[in-house]
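Please look through the structure shown here, together with its sequence, before reading on.

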Number of protein chains: 2
Amino acid sequence: MPTYTAPVKDIQFVLHDVLNVSNSDVPGYSDMEADFTNAVLEEAGKLTGEVLAPLNVVGDHEGCRLENGVVYTPTGFKAAFEQVKEGGWTGLDMPEQYGGQELPYVLSTAVGEMFSSSNQAFTMYQGLTHGAAAAILAHGTDEQKDKWLPKMVSCEWTGTMNLTEPHCGTDLGLMRTKAEPQDNGSYKISGQKIFISAGDHDMADNIVHLVLAKVPGGPEGIKGVSLFIVPKFIVDDEGNIGARNGVSVGNIEKKMGIHGNSTCVLNYDEAEGYLLGDLNKGMRAMFTMMNEARLGVGMQGLAAAEVAYQNAVDYAKDRLQGRAVTGVENPNGPADPLIVHPDIRRSLMDQKSFSEGARAFILWGAQMIDAAHRKNDKDADGLVSLLTPVIKGFLTDEGYDMTVKAQQIYGGHGYIEEHGMSQFTRDARIAMIYEGANGVQALDLVGRKLAQDGGKHVMAFFDIVKNFCKDNAEDEGLKDFIVPLKAASKDLQAAGMYFMQTGMKNPNDALSGSNDFMHLFGHVCLGLMWAQMAKAANAALAGGASDTAFYETKLTTGRYYMARRLPATGMHLARIQTGGDTVMALAAENF
Amino acid sequence: MPTYTAPVKDIQFVLHDVLNVSNSDVPGYSDMEADFTNAVLEEAGKLTGEVLAPLNVVGDHEGCRLENGVVYTPTGFKAAFEQVKEGGWTGLDMPEQYGGQELPYVLSTAVGEMFSSSNQAFTMYQGLTHGAAAAILAHGTDEQKDKWLPKMVSCEWTGTMNLTEPHCGTDLGLMRTKAEPQDNGSYKISGQKIFISAGDHDMADNIVHLVLAKVPGGPEGIKGVSLFIVPKFIVDDEGNIGARNGVSVGNIEKKMGIHGNSTCVLNYDEAEGYLLGDLNKGMRAMFTMMNEARLGVGMQGLAAAEVAYQNAVDYAKDRLQGRAVTGVENPNGPADPLIVHPDIRRSLMDQKSFSEGARAFILWGAQMIDAAHRKNDKDADGLVSLLTPVIKGFLTDEGYDMTVKAQQIYGGHGYIEEHGMSQFTRDARIAMIYEGANGVQALDLVGRKLAQDGGKHVMAFFDIVKNFCKDNAEDEGLKDFIVPLKAASKDLQAAGMYFMQTGMKNPNDALSGSNDFMHLFGHVCLGLMWAQMAKAANAALAGGASDTAFYETKLTTGRYYMARRLPATGMHLARIQTGGDTVMALAAENF
């Protein structure tokens with residue numbers, strides 16, 4: 001059975017040595033002293049390692065079941081969910097007014113990584129609730145907030161997001177679900193929604209569905225979509241749960257992974273719903289929290305890679321197979337451990353350097369989201385908006401690949417379900433799809449974010465890289481980082497330039513390279529993170545830090561990333577610069 | 001439900017336009033006129049598309065079950081297996097003497113692709129039988145051949161290969177299964193074997209296990225391993241089936257995919273066995289057919305990519321979502337089909353250009369195997385030995401990635417099991433692991449094959465590339481192919497040179513780049529294949545071929561590969577040239 005140990009020290013390193021959070025002027029950050037964040041992370045580490053991780057394979061094997069209209073979660077989920085609620089883990093960054101702890105998003109993101117690593121399917125129940133609550137918080141009336149939020153922040157009631165219908169996912173303008181206005185100001189919602197994560201279950205007294213639907217007679221397409229609160233059970237003005245609403249579970253989908261989460265087909269049959277936000281502004285309301293939601297999915301890519309890596313390392317140290325090519329290393333055993341073999345190390349270093357780089361990238365993004373929300377920092381908001389599709393798309397593509405690499409280290413034992421390595425890849429696969437498939441992320445990046453506000457944000461990103469390289473040009477201890485970072489950044493700029501020159505004339509030339517650009521950008525971001533982490537590690541060592549092995553390992557791991565992963569930028573650039581000719585040449589019938 | 005249409009025309013193109021098989025002097029090749037191969041392929045296409053493909057999801061959903069020691073295959077497998085046997089598909093390339101059709105291996109490989117595309121798990125029952133029969137053919141006494149082969153060629157009896165034990169897979173020298181010699185010349189086999197594909201089932205009257213075991217008192221490690229024939233039921237001298245032998249099924253493994261194949265734990269308890277080949281030469285006997293076996297697994301990578309691609313194309317043409325960025329293309333529909341979007345095309349072109357290139361590569365390899373076996377061509381044998389780890393490792397890594405890309409085109413519908421796209425990725429995953437995990441392939445390539453016979457074979461490969469480029473240097477119609485092929489080949493030579501210079505001093509420098517080298521080599525091979533296919537397509541067009549769209553599509557697809565996939569070689573070279581320093585730097589405890 002796989003295990004999970006929360007990487008508290010690595011997270012602390014990013015929060016304090018790299019991002020220096022407690023010295024930030026973002027409101028609430030000054031409370032995040034190292035002792036405090038350490039206590040929170042240690043506690044979360046205990047809960048996730050001891051309670052949630054052991055339930056991960058249980059959820060995979062049992063799945064959820066639908067019996068007589070009732071959805072049952074796997075054995076142990078309910079009790080664990082109670083423990084999570086009691087610990088106050090469900091509303092870490094939610095306002096105190098509604099029962100939350102109002103901690104910075106950067107800290108709740110760090111905790112979120114642990115939850116997701118230990119049990120992605122389980123964590124989605126509270127994750128979806130958080131998303132729905134955030135939408136109500138942003139767009140609800142005071143009455144709506146008072147009515148729904150306290151119970152959702154505590155996860156006594158959970159939430160869902162209802163967008164997809166059988167014939168439309170990405171293109172929600174095609175939506176058919178209807179909302180008929182009633183005399184009392186409410187709406188009757190009818191239609192079918194599919195792929196609804198945490199759509200129904202037995203762990204909460206009520207479920208608050210946020211549903212996109214069209215009010216008849218409204219504008220065509222996406223401009224006629226509104227957002228509604230549709231509870232599973234009607235709630236009266238005093239907050240008492242009443243009659244069952246007109247929403248039922250049609251089916252639980254059989255999926256490749258995340259079996260522990262009930263992915264439902266939900267049928268709405270004149271269900272009572274309440275408009276959330278403005279009429280016909282449903283997409284805006286649903287997507288207000290898009291940066292956080294997508295960053296959260298990018299984080300799942302990291303989380304899966306991290307836990308898979310941990311288990312792969314254990315196996316590589318433990319499994320005896322073959323002898324080191326440079327001479328026996330385990331003379332008392334019948335063979336050497338796998339970890340002596342260069343190709344095993346190559347794989348483990350790919351994984352390790354990815355996870356640690358991705359973690360820094362995500363927490364930097366979360367810090368910018370805090371700056372945007374807590375001190376209305378427009379530059380931070382613009383930059384994180386630019387980077388959001390990279391965080392989501394690149395980190396989930398790569399995160400998935402890393403789980404495949406971790407699984408490979410187990411050989412045949414990775415293919416059978418007994419060791420849990422297959423589950424990590426099967427679970428990680430969904431993160432490339434939901435919350436905007438990665439092709440849509442790449443389109444968002446190249447088609448929209450790159451030129452946003454006159455290209456101001458991408459210029460700001462290049463300035464960060466340029467200034468870091470300039471400020472540290474003389475630092476011999478960073479030479480292995482600055483040189484490759486500069487080269488990679490130059491590739492990124494060349495790609496951006498290519499898009500500017502050709503994209504206007506023929507958008508297909510730019511969009512044919514969108515996936516490559518997202519990956520090129522991702523590598524530059526992780527290169528920047530590693531350069532910053534190396535600087536922090538050097539500083540800690542120069543400052544006499546006692547745990548020299550920890551900081552030296554950071555430097556070694558970072559050097560690996562710069563030397564072995566960053567060369568990918570040249571390949572992506574070369575592909576981008578071939579434009580759309582070969583991509584678009586074939587007529588559809590010749591595929 | 002996914003569908004499969006055998007790519008008969010594409011296979012015919014490789015066999016006749018590219019490899020020109022019927023003009024070859026390899027014995028048996030002159031019979032392979034286009035009409036004949038077309039008839040065989042059409043017939044196989046019908047069987048695989050209509051009978052085997054519909055059973056693929058059935059096998060995945062039902063899996064195999066063990067009840068009271070008896071293994072049951074999924075519904076429909078038994079009847080389909082009868083149909084396969086009756087059609088004579090199980091012994092295409094086996095000697096007529098034993099009931100086979102003695103067709104060239106290149107043709108049985110082409111048919112094998114269809115079988116594997118339509119139903120990988122099902123096809124493995126005959127695939128393992130073929131492997132076991134080939135070993136008996138190569139190493140058995142006349143008596144053994146007469147006793148076992150006719151029934152195995154017809155698949156009345158099936159076969160298995162028993163190598164892995166719980167504590168050893170790659171490192172078989174650690175094996176514990178024992179073979180005690182008996183007075184009558186037979187052996188008593190005792191021990192546990194795991195991951196035995198097609199290990200037991202209800203589709204054959206007997207199962208012939210080939211089992212590696214150690215005779216007590218023999219040499220240590222791998223040098224003391226012998227190979228034994230151990231039937232499920234004892235067979236008397238007249239060929240009658242007698243008592244049950246001492247082999248039983250301990251368990252059927254729960255796996256990520258290929259659920260339709262019974263992967264068994266087999267317990268041998270003083271089972272009667274017969275030495276196959278020489279004492280203590282078991283590894284040699286087991287691996288005589290290694291090139292074919294590994295080529296066959298590389299073919300599974302192609303086969304999975306091909307069927308996944310076919311379904312992805314259908315979905316991309318059918319699913320309406322969004323509008324083309326350059327203007328509406330389906331004005332009468334509510335949206336345009338997915339295939340108008342550049343990033344969808346990029347993915348489909350990746351898949352298409354891979355599958356067609358891989359097919360040419362595999363059939364070229366099979367042709368060399370025929371030359372080696374049928375006319376004792378040592379050069380062909382050496383070259384295909386060099387390329388075998390590339391065929392196995394590169395094509396299964398890439399083949400898996402392609403199934404992931406195909407799945408991605410379905411969005412959320414690819415993640416649920418309903419459409420069968422998840423199965424293609426789950427099934428394809430095993431090919432990266434079995435028959436020597438891909439890390440072992442890379443090690444075999446760099447550590448062994450590259451320098452074999454003084455580097456003669458890799459020089460022969462470079463000569464093929466060089467001569468093709470030289471002979472066609474003036475051909476304007478091949479410019480898009482020759483230029484990138486030259487550049488990629490230069491990267492490969494530089495990598496080989498790096499290994500020669502550093503590998504002697506520090507093998508870790510070479511082995512740290514083994515995976516990259518395997519992929520670099522693979523891209524050059526597919527680049528060469530595309531260049532040859534382009535030449536053949538140009539020739540067909542110049543010769544007035546009627547189906548111009550077919551040949552022009554080949555040229556367009558090939559140009560895509562050269563422009564968009566070959567630039568990977570530069571990245572792999574850059575990684576290789578960083579050597580082993582960053583890979584080997586961390587102490588094991590710092591992972």
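## Basis of the model

This is a predicted model, in which local features need pLDDT of at least 70 and side-chain atom pairs count only at pLDDT 80 or more, while totals for chains, interfaces and linings use all residues. Residues are numbered from 1 along each chain as its sequence is written, chains are lettered from A and ligands numbered from 1 in the order in which they are written, and side-chain values use heavy atoms, with hydrogens and water left out.

## How the two chains are related

## Domains of chain A

Chain A is assigned domain 1 (8-281), domain 2 (289-436) and domain 3 (451-579), with bounds that come from an automatic or database domain assignment. Between the C-alpha centres of domain 1 and domain 2 of chain A there are 25 Å, and 35 residues of domain 1 of chain A are in contact with 34 residues of domain 2 of chain A.

## Helices α2 and α3 of chain B

Helices here are DSSP runs (H or I, at least four residues), numbered from the N terminus. Helix α2 (residues 34-62) and helix α3 (residues 77-86) of chain B pack at an angle of about 155°, their axes 10 Å apart; axes are lines fitted to C-alpha atoms over the stretch in contact, and angles run from 0 to 180 degrees between N-to-C directions. α2(B) and α3(B) are therefore roughly antiparallel, a word used for angles over 145 degrees.

On the side of α2(B), the contact is made by Leu47(B), Val51(B), Leu52(B), Leu55(B) and Gly59(B), and on that of α3(B) by Phe77(B), Ala80(B), Gln83(B) and Val84(B). By class, seven of these residues are nonpolar, two polar and none charged; Ala, Val, Leu, Ile, Met, Phe, Trp, Tyr, Cys and Pro count as nonpolar, Asp, Glu, Lys and Arg as charged, and the others, Gly among them, as polar.

## Helix α4 of chain B and its partners

The axes of helix α4 (residues 105-118) and helix α5 (residues 120-139) of chain B come within 6 Å and cross at roughly 135°, which makes α4(B) oblique to α5(B). Phe115(B), Ser116(B) and Ser118(B) of α4(B) make this contact with Gln120(B), Thr123(B) and Gln126(B) of α5(B), and the residues comprise one nonpolar, five polar and no charged.

With helix α8 (residues 290-318) of chain B, the axis of α4(B) comes within 8 Å and crosses at roughly 45°.

Technical notes. Helix = DSSP H or I, 4+ residues; strand = E, 2+ residues; numbered from the N terminus. Parallel < 35°, antiparallel > 145°, perpendicular 65-115°, else oblique. Contact = heavy atoms within 4.5 Å.
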